[in-house]
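The following exercises concern one protein structure. Each task is followed by a solution in steps.

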Amino acid sequence: MSQIRKVAVLGGGSFGTVIANMVAENGSYVRLWLRDEVLAEAINHKHENARYLPGYILSDRLSASTSLQDVLSDVDLVLISIPSQSFRQVVQQARPFLKADQMLVSTTKGIEANSFRLMSEILREEMPSARIGVLSGPNLAKEVAAKQLTATVIASDCAELRSEVQARLHSSYFRVYASSDTYGVELGGTLKNIYAIAAGLSAALGMGENTKSMLMTRSLAEMSRFAVSMGANPMTFIGLAGVGDLIVTCMSPLSRNYRVGYALGEGKSLEEAVEALGQVAEGVNTIKQVKEKASEMQIYMPLVVGLYEVVFNKAPIAEVVKMLMMSEQSTDVEFVLPREGV
């Protein structure tokens, strides 16, 4: 395996900053790209991203810049932590400074509006010759920053890329597992955002432990049903990028999507919930996108349909819950007993 000495991270939010710092602490020189000149200067002089991770001291091997050309000059590995709505635009801006066979890894959990493209698909369209991977798993940025024990998944059809990412990120508190199911790992990280909103909403309503268990289990069934219909491997969903990420996102108040759901459960409007958060909650847009795709492909997703009615049509929560509970009973695990076998 070749020794990578320079790594670029695009995106100076909480997770982009944490990933950049972990790579730097492991011995690589890391350049972090972000749009805000003031924040970049503060990172360079104070070694802290006070906006997203106050109190988290950054390695002196990490430098920040608003120049894509400077950040991408002569780097071997590029990690991209840009929100889904800006992802393609930033990749297009970066393209002139990337090598044809560049190693590109997306850490973004979302779907492009209108096209239903995942971030790895955008990378393939914009950089056809690049080696592409996806990083996903139960990775709350603040816990990783606190060096709490964490694991993630790097998925790619390129064995060299998987090995390089494992080498750059593996540490005593951060373990990196490998997968070749890029699409499944990426869909797991994207779809769980929907159900985190449902979990936050149910928590605000004071629902019990039985309800939480049922919600997470049926969410996993729905996620895997959709993903397999799209071409993913169902086994991916029993791993970190599936059930692992779903559990942490549905149980933790640190999850942005959970917090949006909780605010909705308290009676706030969607606009108020998003404004109070102050950051992007990918799950809000994902609900609408997945609901439309599931309808188009005739995939049975009652939780997504119910949540869509609550979030976008302001349907009474009690009526939606009643509809879900009184709907046609289905199978527990479809890959054991198909729905038509009931």
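**Exercise 1.** Is Phe116 buried or exposed, and at what relative accessibility?

*Solution.* The model is predicted; local features need pLDDT of at least 70, side-chain atom pairs count only at pLDDT 80 or more, and totals for chains, interfaces and linings use all residues. Residues are numbered from 1 along each chain as its sequence is written, and side-chain values use heavy atoms, with hydrogens and water left out.

Step 1. The scale is set as follows: buried is under 20% relative accessible area, exposed is over 50%, and partly exposed is in between (1.4 Å probe, protein chains only).
Step 2. Phe116 has 11% relative accessibility and therefore counts as buried.
Step 3. Phe116 belongs to the loop between β5 (103–106) and α5 (119–126). Helices (H or I, at least four residues) and strands (E, at least two) are DSSP runs, numbered from the N terminus.

**Exercise 2.** Examine the phi angles of Phe116 and Lys147, and state where Lys147 lies.

*Solution.* 
Step 1. Most residues other than glycine have a negative phi.
Step 2. The phi of Phe116 is positive, near 55°, and that of Lys147 is also positive, near 60°.
Step 3. Lys147 sits in the loop between α6 (141–145) and β7 (150–156). With a relative accessible area of 43%, Lys147 is partly exposed.

**Exercise 3.** Describe the span, the buried residues and the surroundings of helix α14.

*Solution.* 
Step 1. Helix α14 covers residues 302–313, has 12 residues and reaches 16 Å from its first C-alpha to its last, close to the 16 Å expected. The expected span is 1.5 Å times one less than the number of residues.
Step 2. The buried residues of α14 include Leu303, Val304, Leu307 and Tyr308.
Step 3. Among the elements that cover the buried residues of α14 are α8 (182–204), α9 (209–229), α13 (282–297) and α15 (317–326). Such packing rests on contact, defined as heavy atoms within 4.5 Å.
Step 4. Lys314 follows α14 and has a positive phi, near 55°.

**Exercise 4.** Which residues have the most contacts inside the largest nonpolar core, and which element gives its largest share?

*Solution.* 
Step 1. A nonpolar core is a set of buried Ala, Val, Leu, Ile, Met, Phe, Trp, Tyr and Cys residues joined through side-chain atoms within 4.5 Å.
Step 2. The largest core has 43 residues, and those with the most contacts inside it are Ile194, Tyr195, Phe226, Val260, Val290, Met301 and Leu307.
Step 3. The largest share of this core, nine residues, comes from α8.
Step 4. Leaving aside neighbours within four places in sequence, Tyr195 is in contact with residues including Ser219, Glu222, Met223, Met301 and Leu303.
Step 5. Another core, of 36 residues, lies apart from this one; among its members are Ile19, Leu34, Leu77 and Ala141.

**Exercise 5.** What is the volume of the second largest pocket, and which residues lie nearest its centre?

*Solution.* 
Step 1. On a 1 Å grid over the protein atoms alone, a pocket is an open set of points with protein on both sides within 12 Å along at least five of seven lines, whereas a cavity is a set where a 1.4 Å probe fits but cannot get out; lining residues have an atom within 4 Å of a point. Grid points are joined across faces, edges and corners, and a volume is the space filled by probe spheres set on the points.
Step 2. The second largest pocket has a volume of about 760 Å³.
Step 3. Its lining has 31 residues, of which Met214, Arg218, Leu303, Leu324 and Met325 lie nearest its centre.
Step 4. The largest share of this lining, seven residues, comes from α9.

**Exercise 6.** How many cavities of 30 Å³ or more does the structure hold?

*Solution.* 
Step 1. The structure holds one such cavity.
Step 2. The largest cavity contains about 40 Å³ of space.
Step 3. The residues that line the largest cavity include Leu10, Val78, Ile80 and Met127. The elements that give two or more residues to this lining are β4 (77–80) and α4 (84–94).
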